[in-house]
Amino acid sequence: MICAHCQQREASITITKVQHGEKLEQHYCEECAPQFHPFSFTEKEEPISLQQLLSGWFSIPQQKNSQIEPNKKTSSCPTCNLTYRQFLKQGKFGCADCYGAFSEYLPKILQRIQAGIQHVDPNEKVEQDWRVQLRDLRDQLQQLIEEERFEEAITCRDKIRELEHKLNGGVSS
């Protein structure tokens, strides 16, 4: 495909614009593309990391009195000498010791980019939901027996057995 601007060189960059639900594409060579798009195109640059890409959306305030700004004593990792500002710019640590060096600032950063600061195993969450459901079903079963609604109680009992079976890892008790 030929460049839409110079009509001479091979187009290697496609710029897609969605306007009013309509998708518009333009194809440019590497020399013309920077004139029509705000991003820079140089082959010598390292690939951009996901953290760098998202940094504009989750930018950290650069105020002197910010709660997440380190003081002079803890501004770099003692092992790799990565500074806190370098970490914010790169979006990744230089070594394993960086976690300790910047540990007091990580919760604030993590809360900005994810739901919480603690890992929650999805399997544990499902199991917890099943336990709540099981408790509710047992309460419902007791109510159905007291009201002498035995056919509904049998259905409820079967649901309880099914959940107990799941909670025991599929092993019958």
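A: Two strands pair if DSSP finds at least two bridges between them. Helices (H or I, at least four residues) and strands (E, at least two) are DSSP runs, numbered from the N terminus. This is a predicted model, where local features need pLDDT of at least 70, side-chain atom pairs count only at pLDDT 80 or more, and totals for chains, interfaces and linings use all residues. Residues are numbered from 1 along each chain as its sequence is written, and side-chain values use heavy atoms, with hydrogens and water left out.

Strand β1 (residues 13-19) and strand β2 (residues 22-28) run antiparallel, joined by 7 bridges. Gln-19 faces Glu-22 of β2. The hairpin leaves 2 residues between the strands, and His-20 has a positive phi near 55 degrees there.

Now the rings. The whole structure holds 7 aromatic pairs (Phe, Tyr or six-membered Trp rings with centres within 6.5 Å; planes under 30 degrees apart are stacked, over 60 edge-to-face, the rest tilted). Tyr-84 and Tyr-105 form a tilted pair, because their planes meet at 55 degrees, with ring centres 5.1 Å apart. This pair links distant parts of the chain, 21 residues apart. Tyr-84 sits in helix α3 (residues 84-90), and Tyr-105 in the loop between α4 (98-101) and α5 (106-113). Tyr-84 is buried at 1% relative accessible area (buried is under 20%, exposed over 50%, partly exposed in between; 1.4 Å probe, protein chains only). Tyr-105 is buried too, at 3%.

Phe-102 is buried at 0% relative accessible area. Phe-93 also counts as buried, at 18%.

How far to trust it? The protein averages a pLDDT of 75, with 69% of the residues scoring at least 70 (pLDDT is the predictor's confidence in each residue, from 0 to 100). Two stretches call for care. Residues 39-45 stay under 50 and have 6 contacts beyond four places in sequence (a contact is heavy atoms within 4.5 Å). Residues 58-74 also stay under 50, with 29 such contacts. Where pLDDT is low, the predicted coordinates should not be read in detail.
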